[in-house]
Amino acid sequence: TPRVFSGIQPSGGLTLGNYLGAIKRFVEMQGQGFETIYCMVDLHAITTWQDPEVLRNNTRELCAGYIASGIDPKQSILFNQSQVSQHAELGWIFNCVARMGWMKRMTQFKDKAGKNAENASLGLFGYPALMAADILIYHATHVPVGEDQKQHLELTRDVAAKFNHDFGVDFFPMTEPVIEGAATRVMSLRDGTKKMSKSDPSDLSRINMTDDADSIANKIRKARTDPDGLPSEIEGLEGRSEARNLVNIYAALNEQSVEDVLRDVGGKQFSEFKPMLSDLAVSKLSPISSEMARLMQAPDEIDAILRDGADQARTIAAPILDKTYEIVGMVR
Ligand code: AQP
């Protein structure tokens, strides 16, 4: 059976970008003839500083977010990365396969390290090698992600190909990225050229999955737009990144194509469209946030789900790691 793997960092609260670009699509792939494995990548989160107590809480909240959005731990394997040590072990081998030059080209590293790259952690630099291990330790065939992860998935294929070539084997598969839908790149509400991100200093730039109805409405009301109204056809959104973003969000939340949305709302002003978008967002997100809050009242149950998921993940990962060590020449 084809196998799906994907992950999210517990590096802050979940955003609407994570939900539309990732989790909602993880849910759609569940029970569709794929084996689905979803991870909270805590080892990736610590590539930038995380306060230990906050990290623990974010990991549990992310797990609650997955479940509240529709990931069923009976249908999907749900766990946090650090409990399955095979990720880090294969990550080390891939550190020895991947090249410095590959990492230097990664735009996410350049964005996150900023001007002071000398002071970035070595883990942040090597992030994509560990991500390749996350995927390939399960021989995953499909990886649903947002647009921003495209380059890392190309690197995953490069790592698999180089490993296979160097050792003369056909062991790691060529993984397919699955980047689909109207919201593969949700933009900041304050700046249509920037990705909506958990770590943006401005809370007005994003919708958090835990935001209440008033703050969702407030953020959408304040979202940047241009003075024109909504076009009836998609061409009318060209060069209007903020307008396009709000329409994309609407389409993804309402499970419609952008064309269909514009057919309905073309000609309206943003003063009329924004309240429609807020109502839609609240109706879709508030059941999720209240379920998250309910689940967070029983952290022990969340931890038990993660432990159980890690046990299941390990049964797939351990033989693949053993075989890898054998291929590489480690005495077992
Ligand atoms: N704005 C977005 N639009 C669509 N998809 C998005 N994703 C993240 N932001 C958007 C997708 O969510 C998954 C998990 O991302 P992540 O948390 O592992 O890392 P990230 O991309 O670095 O997320 P953030 O929110 O931007 O976190 P920070 O601020 O910590 O860097 C991925 O599939 C990603 O594509």
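**Entry 1, an annotated position.** I began with Asp134, which I located in helix H7, spanning residues 122–136. I note that this is a predicted model, and I read the entries below with that in mind. The UniProt annotation "binding site", taken from an unreviewed entry, covers Asp134. Is Asp134 buried or exposed? I counted 27 C-beta neighbours inside 10 Å, and because 20 or more are required, Asp134 counts as buried. Setting aside residues up to four places away in sequence, I found that Asp134 touches Phe5, Gly7, Cys39, Val41, Gln81 and His87.

Ala140 counts as buried because it has 23 C-beta neighbours inside 10 Å, while His139, with 16 C-beta neighbours inside 10 Å, counts as partly exposed. Leaving aside neighbours within four places in sequence, I list Arg3, Val4, Phe5, Ile135 and Thr175 as the contacts of Ala140. I also noted that Ala140 and Met174, 34 residues apart in sequence, are 8.7 Å apart in space, C-alpha to C-alpha. For the backbone I recorded a positive phi of about 50 degrees at His139, although it is not a glycine. I flagged this value because most residues other than glycine have a negative phi.

Which residues come nearest to the ligand? Of the 21 residues around the ligand, I found that Gly17, Gly21, Gly146, Ser197 and Ser199 come nearest. Sorted by class, the shell holds five nonpolar, twelve polar and four charged residues. Its largest share, four residues, comes from helix H1, residues 16–29.

I then checked the length of H12 (residues 270–295) against expectation: at 1.5 Å a residue its 26 residues should span 38 Å, and since its end C-alpha atoms are 36 Å apart, the two agree. Where does H12 have a kink? I placed a kink of about 35 degrees at Leu285, shortly before the proline Pro287. The buried residues that I listed in H12 are Phe270, Phe273, Leu277, Ser278, Ala281, Leu285, Ile288, Ser289, Met292 and Leu295. I compared this list with the general rule that an α-helix has 3.6 residues a turn, so residues three or four places apart point the same way. The cover over the buried residues of H12 includes helix H3 (52–69), helix H9 (213–222), helix H10 (241–254), helix H11 (258–265) and helix H13 (299–328).

Leaving aside neighbours within four places in sequence, Ile220 is in contact with Lys274, Leu277, Ser278 and Ala281. Ile220 and Leu246 are 26 residues apart in sequence, yet I read 8.7 Å between their C-alpha atoms.

H13 has 30 residues and reaches 40 Å from its first C-alpha to its last, which is close to the 44 Å expected at 1.5 Å a residue. I recorded a bend of about 30 degrees at Arg314. In H13 I found Ile302, Leu306, Gly309, Ala310, Ala313, Ala317 and Thr324 buried, and what covers the buried residues includes strand E2 (35–40), H3, strand E3 (76–80), helix H4 (86–95) and H12. Just after H13, Gly329 takes a positive phi of about 105 degrees.

In the loop between H3 and E3 I looked up Ile71, which is partly exposed because 19 other C-beta atoms lie within 10 Å. Apart from neighbours within four places in sequence, its contacts are Phe26, Val27, Gln30, Tyr38, Tyr66, Ser76 and Leu78. Last, I turned to Glu255, in the loop between H10 and H11; it is exposed, with 12 other C-beta atoms within 10 Å, and its phi is near 55 degrees, a positive value in a residue other than glycine.

Definitions and conventions: Residues are numbered from 1 along each chain as its sequence is written. This is a predicted model: local features need pLDDT of at least 70, side-chain atom pairs count only at pLDDT 80 or more; totals for chains, interfaces and linings use all residues. A residue is near a molecule or strand if its C-beta atom, placed from the backbone, lies within 6 Å of it. Helices (H or I, at least four residues) and strands (E, at least two) are DSSP runs, numbered from the N terminus. Ala, Val, Leu, Ile, Met, Phe, Trp, Tyr, Cys and Pro count as nonpolar, Asp, Glu, Lys and Arg as charged, and the others, Gly among them, as polar. The expected span of a helix is 1.5 Å times one less than its number of residues. The bend at a residue is the angle between axes fitted to the seven residues ending there and the seven starting there. Two residues are in contact if their C-beta atoms, placed from the backbone, lie within 7 Å. UniProt positions are given in the numbering used here, feature names are shortened, and annotations may be inferred rather than shown by experiment.
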